[in-house]
Amino acid sequence: MLNQLEEIEQAALVALDEVEDEQAMEQWRVANLGRSSPLMAVFDQMRDLPKDERPAIGRRSNEVKQKLEKKHSEKADLINQLALQKSLETERLDVTMPGRPVSLGRLHPITTTMRQIYRIFAEMGFQIYQSRDVETDEYNFQLLNFPPHHPAREMQDSFYIAGHYEEDNPVLLRTHTSPGQIHKMREHSAINPKDPPEIRIILPGMCYRHEQISARAESQFTQVEGLAVGKQITFSDLKGTLSDFNKRMFGQNVRSRFRASHFPFTEPSAEVDIECFVCGGEGCPVCKRTGWLEILGCGMVHPIVLQNGGYDPNIYTGFAFGMGPERITMLRHRVEDIRYFWANDVRFLEQF
Ligand code: DAH
């Protein structure tokens, strides 16, 4: 039996040498120290031994058991240590590495331009109104004094709303923000039809045209409309207001130029240019060598339009203007293609 204990011990130690991981370690423990291990069998057989052999076998069995237990715990420690080392190595953090940049959201360049426009007109005492995107032909054209076959109606090819087609008053997406003029004049004049209150408003919003899309034309774009109606408003007020706007928007030294033009809803009408802020008026590719940049359209509100809004043109006068934030943004940032604005390409948007 002493020999048998010797063999048990040897076999267990040899097997222990081969153990390399936690799982094998546990298997070894069950096989060599577990209840059905050869060593435990020796303990079981003890009581069948002659009395005089028992002490020697008993002592030896305990020695083997203690030795195997000790070896087991040493090996287990070693395996734990190796595992720890390995995981430290594979999960190593380089604390000197630069952090990953957090990308911040930002305002769309058109939003930024719109807000600048709002702020400037708000400082001048204008209120900001919203008007509807879906209009009727009546508001978009007729009440603004477009005659039925006016060429501008073709120029502003419209998106019509299917299923709402009335022969002479189809529903469409507004092609400009000007119909808001009629809505707001009617709302204001309804307050006191005999003596309607004065108006100083801007009307920003999206406009839609069924255009051939190109670097210069999108089917969807923003406009900011302006309208001032009162009892003593003159063309000088128009010039003063818009020259001042240009200074606040483009720089105190910028010069403005008013060129006669034509719109059905204003009389007289003008287009406003500013001296090119890229070349200072010398002539460059941005201003197409003219030294001037066209910024907006404007004019004195046509008597028929005042009338349509509920304002007596014998008592009231007014001025109106309309500008394109995309165009202004393109000039300021030298953006060469209007399609970038609504294409949602972050590579473009991230630059602002
Ligand atoms: N509605 C015009 C357009 O879309 C812009 C415009 C020009 C608006 C002159 C005005 C104005 O109020 O007076 O082209």
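Q: Why are R119 and E123 separated by about one helical turn?
A: R119 and E123 are four residues apart in helix α5 (residues 109-123), and therefore about one helical turn separates them. The model in which they are placed is a predicted one.

Q: What makes the contact between R119 and E123 a salt bridge?
A: A salt bridge needs a side-chain nitrogen of Lys or Arg within 4 Å of a carboxyl oxygen of Asp or Glu. The N to O distance between R119 and E123 is 3.3 Å, and their side chains meet in a salt bridge.

Q: Why is R119 called partly exposed?
A: Partly exposed is the class between buried, under 20% relative accessible area, and exposed, over 50%. R119 has a relative accessible area of 44%, so it is partly exposed.

Q: What makes E69 and K65 a salt bridge, and how far apart are the closest N and O atoms?
A: The closest N and O atoms of E69 and K65 are 3.4 Å apart, and the limit is 4 Å.

Q: Why are R259 and E294 called partly exposed?
A: R259 has a relative accessible area of 28%, so it is partly exposed. E294 is partly exposed because its relative accessible area is 35%.

Q: What joins E6, E9, R60, E63 and K67 into one network?
A: Salt bridges that share partners join these residues. A search of the whole structure finds 21 salt bridges.

Q: What makes D17, E18, E20, D21 and E22 a patch of negative charge?
A: Asp and Glu count as negative. D17, E18, E20, D21 and E22 gather on the surface in such a patch. A patch residue needs over 30% relative accessible area. D21, with 40% relative accessibility, counts as partly exposed. D21 is in the loop between α1 (2-18) and α2 (22-33).

Q: Why is L49 called buried?
A: Buried means under 20% relative accessible area. L49 has 15%, so it is buried. L49 is placed in the loop between α3 (38-45) and α4. In sequence L49 and M1 are 48 residues apart, while their C-alpha atoms are 9.9 Å apart in space.

Q: Is R186 buried or partly exposed, and why?
A: R186 counts as partly exposed because its relative accessibility is 33%. R186 lies in helix α8 (residues 179-191). R186 and Y311 are 125 residues apart in sequence, with 8.4 Å from C-alpha to C-alpha.

Q: In what order do the seven strands form the open sheet, and what is the pairing?
A: The order is β1-β4-β5-β9-β8-β7-β6, and the pairing is mixed. β1 (127-128) and β6 (256-263) stand at the edges because each has a single partner strand, which leaves one side of each without a neighbour in the sheet.

Q: How do you know that β5 pairs with β9?
A: Two strands pair if there are at least two bridges between them. Strand β5 (residues 220-230) and strand β9 (residues 317-323) have seven bridges, in the antiparallel sense. G230 stands opposite T317 in β9, and the bridge partner of L227 in β9 is A320.

Q: What joins β4 to β5?
A: Ten bridges join strand β4 (residues 199-208) to β5, and the two run antiparallel. I199 stands opposite V229 in β5.

Q: Why is β5 described as largely enclosed by the rest of the structure?
A: Ten of the eleven residues of β5 are buried, so the description applies.

Q: What makes β6 and β7 a hairpin?
A: β6 and strand β7 (residues 266-275) run antiparallel and are joined by seven bridges, with two residues between them. S261 stands opposite S269 in β7.

Definitions and conventions
Residues are numbered from 1 along each chain as its sequence is written. This is a predicted model: local features need pLDDT of at least 70, side-chain atom pairs count only at pLDDT 80 or more; totals for chains, interfaces and linings use all residues. Side-chain values use heavy atoms; hydrogens and water are left out. Patches are made of residues with over 30% relative accessible area and no salt bridge: like charges are joined within 9 Å, nonpolar side chains (Val, Leu, Ile, Met, Phe, Trp, Tyr) within 5 Å. Accessible areas come from the Shrake-Rupley method with a 1.4 Å probe; for residues, only the protein chains shown count as cover. The place of a charge is taken as NZ of Lys, CZ of Arg, CG of Asp or CD of Glu. Buried means under 20% relative accessible area, exposed over 50%, partly exposed in between (1.4 Å probe, protein chains only).
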